[in-house]
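Subject: A structure for you to look at

Hi there,

Here is the structure I promised to send over. Have it open while you read the rest of this email.

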Amino acid sequence: MIELTLVWVALPFLLAFATYLVPALTRPSAIAMAALTVVYAVQHGGLPAATALPVELKLLDHFGVTLRIDANVASMLLAHGLVTLVVALYLDQRFVGSRFLAMQLLIVHGSANAVIISADLISVYVALEVLSVGVFLLLTYGRRAEHQPRVGDRQLWVGLRYLFMSNVAMLFYLMGTVLVYVRTGSFAMSGLAAATPTALALITLGLLAKGAIFVAGLWLPLTYISGDRVIVAVLSGFTTKAGAMAMARCSEASPVLAQWLPYLSAGSAVFGIAFALMSKTPQRLLAWSSVSQMGFVIAAPQWAGLYGLAHGLAKPLLFIGAAVENRWRWPMLILGAASLAGVPGGLGYGAKALSLSGLTPWHEWLLTLVTIGTTCVGVRVLLAPSPQETMGITGKAGWQDKVALLIWGGGLLWGWLPAAYSADSLLKALLSLSLGILLGWFWERVPQPQWRLDEGVEAVIGVLSLVLVLMLVLFAGVNHVALP
């Protein structure tokens, strides 16, 4: 098992460079790697309600470099595999020069896998940096799509903005990691329990920014809106959640971070849904909704993988469904919106019910209220007019759309989670759905003010500075000695 895990970790990077030497391997290598990740995730308990013994690999014992794969992580790996598999099917149809994109897709896939299985701080740093470069190249690739042959200045600027924000955030994260190593002599996440407030604040800032959590996610809406819909499917499917999953894992090792995590979760959920409700276009609605959903992902760290899987399958369906005009548009939108809103019978409901069941009462009720807003967002996306600029698939659906609907939609219909079907959870879900549908229908019929935040690079970096100050104040105010 150890040898298989190491091969699986390294294989995406080997295949990525092999695609340039052997062009015939371009799409088959991406599809094969995605399928292998799906099999690996299922074997380690990635399916909902499945269990498996965790696997822990200590690579450099003295430095605490460790990999850990458990059922929580395996669920998110399943999302990585399924999203990559469908996106790989689009390469030849959608893109010119798909060999380069397949290479970047494999690198992004491999680095995202590495982030969430890493149980030490320095491995997370390296994997997140590689992930950032891969995402930047995906966002700004000059020959992206057949109907958009050249990248514009705006797209290049948005990509550079993402890269600059990511580098600044990870620089803070690295400084925090070094401070933890100086104090404990190890990069293991368990060292966070003894970390100083400054080190913990620096690390938290880096992960908040990478996971688009709370106001540190200000970079996300413009990035999602400017990217090609297939590329956005990758971003919304799993790359952004890599930071959130790392945050959830760090909170399990740090009592101080665990103490403040519910407030960060609530803040992200409310912040994102507030601006989603003020948005007008489907793409902006869905982008702000993603910031809100990151609050749900980190709400209950033990269910973060399952919630990430449900959201990772639903959001790509919504982004792609909102951009196409064919008979598969409505199945994509309805399945995605139903899962996001938590309609009983689907994976979204199970993940939401299990995540909320273990929260404190104030946290649970606040996220339940946010779910009303999420349902409203889904209704507004369904009521939105058809896009003027489609993905180039207007009259007849391609077979890729059918496969995408089968894989992503089929995953969302996996509702076998008996523990989620308590009377209390069902009542809350039905109540929030009813209120959300009414709110969405009403919201579309009232004049809405044009309210938009400054999303320029100065604002994004300025927000990161404010978040750092906030984290320093919060963590310095905790009685570290009194914590277990």
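Below is what turned up in it, one topic at a time.

Before anything else, keep in mind that this is a predicted model.

Two helix pairs

Let's start with helix 12 (residues 304–321) and helix 14 (residues 347–357). Their axes come within 9 Å and cross at roughly 150°. That angle is over 145°, so helix 12 counts as roughly antiparallel to helix 14. As for the handedness, helix 12 passes helix 14 in a left-handed crossing. If you want to find the contact on screen, look for Leu306, Tyr307, Leu309, Ala310 and Leu313 on helix 12. From helix 14, the residues taking part are Leu347, Gly348, Ala351, Lys352, Leu354 and Ser355. Sorted by type, the residues of this contact come out as 8 nonpolar, 2 polar and 1 charged.

Now turn to helix 6 (residues 153–184) and helix 18 (residues 457–476), whose axes come within 10 Å and cross at roughly 20°. An angle under 35° counts as roughly parallel, so that is the label for helix 6 and helix 18. This crossing is right-handed. On the helix 6 side you'll see Trp157, Arg161, Phe164, Met165, Val168 and Phe172, and they meet Val457, Val460, Ile461, Leu464 and Leu468 of helix 18. The contact between helix 6 and helix 18 has 10 nonpolar residues, no polar ones and 1 charged.

Next, go to the loop between helix 7 (197–210) and helix 8 (220–226), where you'll find Ala212. Ala212 isn't a glycine, yet its phi is positive, near 55°. Is Ala212 buried or exposed? With a relative accessibility of 0%, Ala212 counts as buried.

Phe214 lies in the loop between helix 7 and helix 8 too. Phe214 also has a positive phi, about 60°, although it is not a glycine. Phe214 has a relative accessible area of 22%, so it is partly exposed.

Rings that pair up

Phe214 brings us to the aromatic rings. How many aromatic pairs does the model have? The count comes to 13. One of them joins Phe214 and Phe271: the centres are 6.4 Å apart and the planes are at 75°, an edge-to-face pair. Phe271 sits in helix 10 (residues 255–277) while Phe214 is in the loop, so this pair ties together parts that are 57 residues apart in sequence.

Phe271 is buried, at 15% relative accessible area. Phe271 pairs with Phe275 as well, with ring centres 5.3 Å apart and planes at 65°, so that pair is edge-to-face. Phe271 and Phe275 are 4 residues apart in helix 10, which means about one helical turn separates them. Phe275 has 10% relative accessibility, so it counts as buried. Ring pairs link Phe214, Phe271, Phe275 and Trp288 into a cluster.

One last spot

Finally, click on Ala253, which is in helix 9 (residues 229–253). Ala253 and Ser190 are 63 residues apart along the chain, but their C-alpha atoms are separated by 5.2 Å. Leaving out residues up to four places away in sequence, Ala253 touches Met189, Ser190, Leu192 and Ala193.

Terms used: Residues are numbered from 1 along each chain as its sequence is written. This is a predicted model: local features need pLDDT of at least 70, side-chain atom pairs count only at pLDDT 80 or more; totals for chains, interfaces and linings use all residues. Side-chain values use heavy atoms; hydrogens and water are left out. Axes are lines fitted to C-alpha atoms, for helices over the stretch in contact, and angles run from 0 to 180 degrees between N-to-C directions. Angles under 35 degrees count as roughly parallel, over 145 as roughly antiparallel, 65 to 115 as roughly perpendicular and the rest as oblique. A crossing is left-handed if the near helix is turned anticlockwise from the far one by less than a right angle, and right-handed if clockwise. Contact means heavy atoms within 4.5 Å. Ala, Val, Leu, Ile, Met, Phe, Trp, Tyr, Cys and Pro count as nonpolar, Asp, Glu, Lys and Arg as charged, and the others, Gly among them, as polar. Buried means under 20% relative accessible area, exposed over 50%, partly exposed in between (1.4 Å probe, protein chains only). Rings of Phe, Tyr and Trp (its six-membered ring) pair if their centres lie within 6.5 Å; planes under 30 degrees apart count as stacked, over 60 as edge-to-face and the rest as tilted.
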